[in-house]
Amino acid sequence: MAPGPSASGESLAGQTVSVIGTWGGTEQDAFLAMVKPWEQLTGATVKYTGTRDLNTVLTTGVASGVLPDLAGLPGPGQMQQWADSLVDLNGVLDVATYTSETAPALVDLGTVNSKLVGVFIKTAVKGLIWYSPKTLDLGGTPPATWDALQSAITSNKDKAKSPWCLGIESGAATGWPGTDWIEDIVLRQAGPDVYNSWWQGKTKWTDPAIKQAWQTFGEVVAQSYGGSATVATTNFANAGDPLFKSPPGCLFLHQASFITGLGAFKDAAPGTDYDFFPFPDINAQYTGAIEGAGDLFGMFHDTPAARSLMAYLVTAPAQDIWVKLGGALSANKNATGYPDEISKRSAALLTDAKIFVFDASDLMPSAMNDAFWKGITKYVQDPGSLDSILASLDQAQADAYSQ
Amino acid sequence: MTAQAPSVPALGATAAPSARRRPRWVGRLPLHLAIVGLAVLWLVPTIGLLVNSLRPAADIASSGWWTAIFSPAQWTLDNYVAVLNQSDIGPAFVNSIIISVPATIIPVLVASFAAYAFAWMEFPFRNALAVAVVGFLVVPLQVTFIPMLQLLGPKGFGIIGSFLAVWLAHTAYGLPFAVFLLRNYMAELPREVFESAALDGASPVTSFLRLALPMSVPVIAALAIFQFLFVWNDLLVAFVYLGLAAPDNLPLTVVIANLVNSVGGGWELLGPAAFISMALPLVVFFTLQRYFVRGIVGGSVKG
Amino acid sequence: MDSRILLMIAVCIAVPAALIGYIVLTEQFLRLVPERFRPRVRPWLWLAPTFLFLLVFLVYPTIATLLRSFQDEAGKAFVGFDNYAWFFTNPGTLSTLKNNVLWVIVTPLLCVGFGLLIAVLVDRVRYEPAAKSVIFLPLAISMVAAAVIWRFMFQYQPPGEPQTGTLNAAAGLAGAGPFPWLTMQTLSFNTILLIIVMAWMWTGFAMVILSAGLKGISPELMEAARVDGASELQVFRRIVLPLLLPTLAVVTTTIVIVALKTFDIVYVMTNGNYDTDVIANRMIKEMFTNGNFGRASAIAMVLLIAIIPIMALNVQRFRAQEALR
């Protein structure tokens, strides 16, 4: 659909739309590049502000009524709490086009009580396994099952110091890379039904299916480069750096698609220095399951300019601009301008997924998510205390979901 | 004034009689070593940041900063260029000045009235009240945001987003410490000064403006340095009182924090940004440092 | 932009002029009041501007917080002391209490100790401004940059690899390590490390204020003692220290409060992991992450109650101070 004058026909020239999000640096540049054509067409201006305190700022804003026109939302859980303050986008977007271009799971996640309050402005595929083709020649047939992966590790033992690279440090969000691990294992070991009932708080953490996933993750931690001290203290962005060292520190790194813009990946060549394959199947029953995540976007003020910008942002031409600049995947199937083979393939994983699930920790209540992160840091340090970690997560679950 | 120092024997020098026969600097050597030692200890972390701010991100991640000290050939100004190329850094710098200068002057002046009253006027509960004022220092600013936005927002006074809102907020948040510090200093001023002034018929206003304020110059300088610094480095108050309504008015700290993207890329730019943003507070520190001179109180007593 | 700078300059001139005009006018106003009532009315007029600011920005939100602390997370139902009971029974919050005790004791010891030492030492050398600015420097660094600085300090690489962190490189020179510093929770070692980061930043604060206090001590007094044959240490203990005591009390009280509400260092360095959590970090989390304003308000109230003993000490000190002069 074409952006331009608002639906009512009045000119938007000279109007401004205030936007707050978490994007900074290159992401901010990409977002501004994305809105530029809209600004030129309408004569309106976008005032973007990025903040890492999005939770603080929007919680304060929602409670007091001082809000930007459009805003990035911290996650689906938070969005539900603010659903009353958010504008229903059913009358704002070209809904038929939006639903036809977007995965149904993502449309559903943005809907609260049949109100469409959030759209995914960018997405990422979680749980990709990264390796260096220079170290490891997989001959075009990457391991498709967990067992095949284990035998690949055994047969290539001598090529690196350790099988896995892992780093869970991430400042105030320390622990999250481990939550992705657990989620990926639960999804392929126990299947999407358990996965969903687990983030919904219906399956306990002490449930054998969940415990087994932690134990599988424990095996990975035990085979990680530098041992638990390195895992605990290494920033996730630099966790993969040993892949490129000589001699290599590890064979594999498990991380989402956005790792290509971080650490040593940033200066390495896609395809030759690094490559990936999707997380292998553990139980053949759940083949083709993919976990994704994304940045939600919502609208607080129903102004003509804000409506027009919101409608523009989810269109394929707009999404294509960000996608071309790299580092992000689009929720829109028709945005196809990916700059390299690697991002094209990861985007295809999302669109072709037989079973698609959203990042479970992002879906849990924030208090549960926080406890999950903390549980990961404890487990990495002291795998022997798994039972007490899971018991305390059960306690946090009882508290977090009752609210 | 330190210029008087030559007539003052050094620490411990008089304790050892033999010191008289040694050159003066030998006796003072431990003093200099102690100061330099502490300074180096304090500087090491910052030097690490300085050296790393001159290196490419890949080098920073793979080797320690000290390995690069003696090979300036590897140094690059790229990180600084990248920070200065941010289009909004110039306006944000100006915003920071516009926010910080009034938000320093106003609370210092307002607090000095209260401090003088607490120190030299008689009224019931004054000590308890003075302590209650500083007690508010413990209130986490975050709990004040929602009530304040409701009061100052569009449904209230409608000043959210204006510099006025953030000046008022910083004044209020700075007052507990300012009143505490000034009251304490003013209470130590010699009683005779104020008594003789009162006998000469000076009103409290005259005593305050002509005696209390001039004699408090060192502590006012110290207070001004900190108030300026806290406002200059503040991110959250500015974001809450300005960012939601008027992003054009946001200060440098917000632009700097935005150099890093949401998954942590670009953190190598934080070093250069820190040094750029540090420049003005250091100028303020050096400027006001001149007022840390000895003898203001003593001189006034005699005069 | 130009008009905004003009506005700032106008504010910087007009507001102080108005404030001084206000104080001068109070005397005019007091002439209308019978003479014997003037001393009773005058202090309130001098305090009025401060009280107005505090009432609006701090007292009113504090009262709102107090009321909120007795409500549930949505603010719909009255729950009595449930939120407080939660705080004092939850193992996670109880461990923050233990850490806060460490913060409140160790931070002032380090900051005031080093601050005093440095202020006294640099008072005797000509390069005082330069030396002081070095100690002051960390306070001028914003928290985001300080987090990067200390990441370089604490960084850890596996044994055998070249270390990239300053502390581990130093430990390596001594033949020890490497150590994963911030995860070492035995005897709260990592909390102590975080306190050292705080002390690195806040010693400059103590130093500057103590130094200003030092300059307020009459040089004649010290000179007289020296002429009487007192050693420098005696001058310090008998003259400087007693006269500096009020300033020391101010600095210590302020740093105790700052340490009690410490939040950002813990938040950016560990976010409370590895048993380093503190009260204020819990409060922020309950408020903005978990959206539970009832609990967050109760935690804020715990902070307020915790400073009452310190405040009581200050009232006593104020009285003693006034009795002396």
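Two residues are in contact here if their C-beta atoms, placed from the backbone, lie within 7 Å.

**How confident is the prediction?**

- Chain A has a mean pLDDT of 90, with 97% of its residues at 70 or more.
- Residues 1-8 of chain A are the stretch to treat with care, as their pLDDT is below 50. Beyond near neighbours in sequence, this stretch still has 20 contacts in the model.
- Where pLDDT is low, the predicted coordinates should not be read in detail.
- For chain C, the average pLDDT is 90, and 100% of the residues score at least 70.

**Chain B on its own**

- Chain B is built with 14 helices and 0 strands, so its pattern along the sequence is helix after helix, by the DSSP runs used to assign these elements.
- Of its 303 residues, 54% count as buried.
- Among the contacts in chain B with a separation of 6 or more, 72% join residues 24 or more positions apart.

**A closer look at helix α5 of chain B**

- Helix α5 of chain B spans residues 126-135, and its buried residues are B:Ala130, B:Val131, B:Val133, B:Val134 and B:Gly135.
- Which elements cover these buried residues? From chain B itself, the cover includes α4 (89-120) and α7 (163-187).
- Chain C contributes to the cover too, through α2 (38-68), α10 (232-260) and α14 (308-324).

**Where chain A meets chain C**

- This contact draws 22 residues from chain A and 18 residues from chain C.
- On the chain A side, the elements that give two or more residues are α2 (54-64), α10 (227-233) and α15 (366-381).
- Which of the elements of chain A gives the most to the side that touches chain C? That is α15(A), with 6 residues.
- By class, this side of chain A holds 5 nonpolar, 15 polar and 2 charged residues.

Methods: Residues numbered from 1 in each chain as written. Chains lettered and ligands numbered in written order. Predicted model: local features only at pLDDT ≥ 70, side-chain atom pairs only at ≥ 80, totals over all residues. Helix = DSSP H or I, 4+ residues; strand = E, 2+ residues; numbered from the N terminus. Nonpolar A, V, L, I, M, F, W, Y, C, P; charged D, E, K, R; others polar. pLDDT = per-residue confidence, 0-100. Buried ≥ 20, exposed ≤ 12 C-beta atoms within 10 Å, placed from the backbone.
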